[in-house]
Amino acid sequence: LSLRNQNISPWQRITLVSDGNIEVVAVSNIEVVAVSNLHITAPTSTIDSNVTINGTLHVTGKITSDDDVVAGTISLKTHRTSGVVPGSGTSSVPVV
């Protein structure tokens, strides 16, 4: 089943595919607005694009990355710290 407005581009459609998938295709943007909460449940999720989050990100599981993680100008892979003391001491803040 494919839902499409005949007056707009054929590339804009919602299709219920026979294998159980649902395809939503838009020429421009897709906007989802929820008044209180958006909850997505799936065994895995994949986003093939850059992502911007305008708010706080809370994660209850592990965060992994195949690349460097940068906070402001501080690289997790290459940052250096000051005040390093041999033994069981604690180093100081990262050097900017």
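Predicted model: local features only at pLDDT ≥ 70, side-chain atom pairs only at ≥ 80, totals over all residues.

Colleague: OK, then which side chain does T15 pair with in a polar contact?

Modeller: T15 sits in strand β2, which covers residues 13–16. The side chains of T15 and its partner are joined by a polar contact of 3.4 Å, and the partner is R13.

Colleague: Is T15 buried or exposed?

Modeller: The cut-off for buried is under 20% relative accessible area. T15 comes in at 14%, so it counts as buried.

Colleague: Let's zoom out. What order do the elements run in from the N terminus?

Modeller: There are zero helices in the protein and five strands. From the N terminus on, that reads β-β-β-β-β.

Colleague: And why do you call it more spread out than a compact globule?

Modeller: For 96 residues the globule rule gives 12 Å, and the radius of gyration is well over that, so the protein is more spread out than a compact globule. The C-alpha trace spans about 70 × 30 × 25 Å along its principal axes. The radius of gyration itself is 23 Å.

Colleague: What share of the contacts between residues at least 6 apart in sequence joins residues at least 24 apart?

Modeller: Let me start with burial: of the 96 residues, 2% count as buried. As for contacts between residues at least 6 apart in sequence, the share joining residues at least 24 apart is 0%.

Colleague: How far apart in space are S18 and P94?

Modeller: S18 lies in the loop between β2 and β3, and it is exposed with a relative accessible area of 82%. S18 and P94 are 76 residues apart in sequence. C-alpha to C-alpha, the distance in space is 55 Å.

Colleague: What about S28 and Q12, what separates their C-alpha atoms?

Modeller: S28 is in the loop between β3 and β4, exposed at 61% relative accessible area. Along the chain, S28 and Q12 are 16 residues apart. Their C-alpha atoms are separated by 8.9 Å.

Colleague: Now S75: which residues does it touch, leaving aside neighbours within four places in sequence?

Modeller: S75 belongs to strand β5, residues 74–75, and counts as buried at 10% relative accessibility. Its side chain makes a polar contact with the side chain of D68 at 2.3 Å, and another of 3.0 Å joins the side chains of S75 and T78. With the neighbours within four places set aside, the residues in contact with S75 are D68, V69 and V70.

Colleague: Which side chain is joined to that of H39 by a polar contact?

Modeller: H39 is placed in the loop between β3 (22–25) and β4 (70–71). With a relative accessible area of 63%, H39 is exposed. The polar contact is 2.9 Å, and the partner of H39 is T41.

Colleague: Last one, on charges and surface: how far apart are the centres of the positive and negative sets?

Modeller: The accessible surface comes to about 9,200 Å², with 53% of that belonging to carbon and sulfur atoms. On the charge side, the protein has 5 positive and 7 negative side chains. The centres of the two sets lie apart by 4 Å.

How values were computed:
Residues numbered from 1 in each chain as written. Heavy atoms only, no water. Helix = DSSP H or I, 4+ residues; strand = E, 2+ residues; numbered from the N terminus. Rg over C-alpha atoms; globule rule 2.2 N^0.38 Å. Buried < 20%, exposed > 50% of the residue type's maximum accessible area, 1.4 Å probe, protein only. Contact = heavy atoms within 4.5 Å. Areas by Shrake-Rupley, 256 points an atom, 1.4 Å probe, with all protein chains shown as cover. Lys, Arg positive; Asp, Glu negative; His and termini not counted. Charge placed at Lys NZ, Arg CZ, Asp CG, Glu CD. Polar contact = N/O pair within 3.5 Å; in protein donor to acceptor, adjacent residues only side chain to side chain.
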